[in-house]
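Please keep the sequence and the 3D view open while you read.

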Amino acid sequence: MATMQSKQAHEVLVRGEGAVGRSLALALAAQGLRVALLGADEAPARADDVRTYALNAEAVALLKQIKVWDSLPTDARTPVFDMCIRGDQAGSQLDFSAWQQGRSELAFIVDAAALDQQLADAVRFSPHVQRVRQPVPAELEAICEGRQSAARAARGVQFDLKPYAQHGVAARLVSNRPHQGIAHQWFRSPEVLALLPFDRPEPEHSFGLVWSVAPERAAELLAMDEAGFEAALNEASGEAAGSLRLASPRAAWPLNLAQASEVSGEGWVLLGDAAHLVHPLAGQGLNLGLADVACLARVLAQRESWRMLGDARLLRRYARERLLPTLAMGYMTNGLQRLFASEAPALRQLRNEGLSLLNRLSPLKKLLAGQALGR
């Protein structure tokens, strides 16, 4: 075994240079493992990248561990202190606050491009990570290529996409009122509108927009001029977060639900969007991916001294630990989306009354918030 390891320049091959792949490469490199990171030539950050990530405490802890979090510009990570969720009937509302959870914040809204850049910089200066353009031999192949992963398909793993018949419309916004660290979300059949407090481009007055709508509606919103889009947005939000104006281009992408039929095997493992997709209404996509990273890194660090990194039984420990959290999040977000997308009068009344009832059940509300926070 020692002879075979000495002949192999790399112990782990990470496929994919997104946030999950780079985080995994850095986490394993911190253990002293020799990591090859497979990807195309590194591209500069896109000026039109309007994505934001909502990161929970577990995700932030991982980014601190790999020495990335504290390098982010302060205006690229905005704390969320409160969250207000509204249904599609007057008075239907659910509120979460950090102080009720005994936390300094509920989550952080992070500039996706800034995080990607910091991860790329950290990889560049890591002595145990080597970027490669072609696959290289390794004991373990970690597949982090995203939803369209070719390596996953080559392994014969099923990954059936279940379309939501919705697109996510994203943009950066500026309000005439301070955001005060409050996130807003509206469930209005069949749309879900989220405003995430942010400090770019204007500190204390910006929001990241994620608006889940039917494909036809998404096309309309993208085709509108700025004034028309702002009018539609302010009507949908009721100016609860102030009068909003566009501060970036708009982008849109189709939304899907998916779960890989297998996430590990002899010498390989799936992480992030290559393993699972969920609706963005709970903002948990990257949180799930970074939780995959933290789990796999821990499993590998705690392996028996005689066990190879790609041992199938070792990797099943990772698969078992991640199965329930990813399935639970998928079922929860899928159930919420379908519940609030329905236009049946009986369901509409039930879901809105349930939202208000939950707001009064403090123990259950605290439990749900704790799950989202990564506890």
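Ser 237 has its place in helix α7 (residues 226-237); helices (H or I, at least four residues) and strands (E, at least two) are DSSP runs, numbered from the N terminus. This is a predicted model, in which local features need pLDDT of at least 70 and side-chain atom pairs count only at pLDDT 80 or more, while totals for chains, interfaces and linings use all residues. Residues are numbered from 1 along each chain as its sequence is written, and side-chain values use heavy atoms, with hydrogens and water left out.

**Two residues to look up**

- Ser 237 counts as buried because its relative accessibility is 3%; buried means under 20% relative accessible area, exposed over 50%, and partly exposed in between (1.4 Å probe, protein chains only).
- Leaving aside neighbours within four places in sequence, Ser 237 is in contact (heavy atoms within 4.5 Å) with Trp 186, Arg 188, Leu 193, Leu 195 and Leu 244.
- Phe 81 lies in the loop between β4 and β5 (82-86), and with 35% relative accessibility Phe 81 counts as partly exposed.
- Again leaving aside neighbours within four places in sequence, the contacts of Phe 81 include Phe 96, Ser 97, Ala 98, Gln 180 and Gly 181.
- Phe 81 and Ala 98 are 17 residues apart along the chain, yet 5.3 Å separates their C-alpha atoms.

- Strand β11 (residues 182-188) pairs with β12 in the antiparallel sense over five bridges; two strands pair if DSSP finds at least two bridges between them.
- A hairpin of two residues leads from β11 to β12, and Arg 188 has Glu 191 in β12 as its bridge partner.
- Strand β12 (residues 191-198) is largely enclosed by the rest of the structure, because seven of its eight residues are buried.

**A β-α-β unit**

- β1, α2 and β2 make a right-handed β-α-β unit; right-handed means that, with the strands pointing away from the viewer, the path from the first strand over the helix to the second runs clockwise.
- Both faces of strand β1 (residues 12-15) are covered: Val 12 and Val 14 are buried on one side, Leu 13 and Arg 15 on the other.
- Four bridges join β1 to strand β2 (residues 35-38) in a parallel run, and Leu 13 has Ala 36 in β2 as bridge partner.
- β1 also pairs in the parallel sense with strand β9 (residues 140-143) over four bridges; Ala 142 in β9 is the bridge partner of Val 14.
- Helix α2 (residues 19-29) has 11 of its 11 residues buried, so the helix is largely enclosed by the rest of the structure.

**A three-stranded sheet**

- Three strands, in the order β3-β7-β4, form an open sheet with antiparallel pairing.
- At the edges are β3 (52-55) and β4 (77-80), each of which pairs on one side only.
- From one strand to the next, the twist averages 25 degrees; axes are lines fitted to C-alpha atoms, for helices over the stretch in contact, and angles run from 0 to 180 degrees between N-to-C directions.
- Helix α4 (residues 112-124) packs on the sheet and touches β3 and β7, with its direction at about 80 degrees to that of β7.
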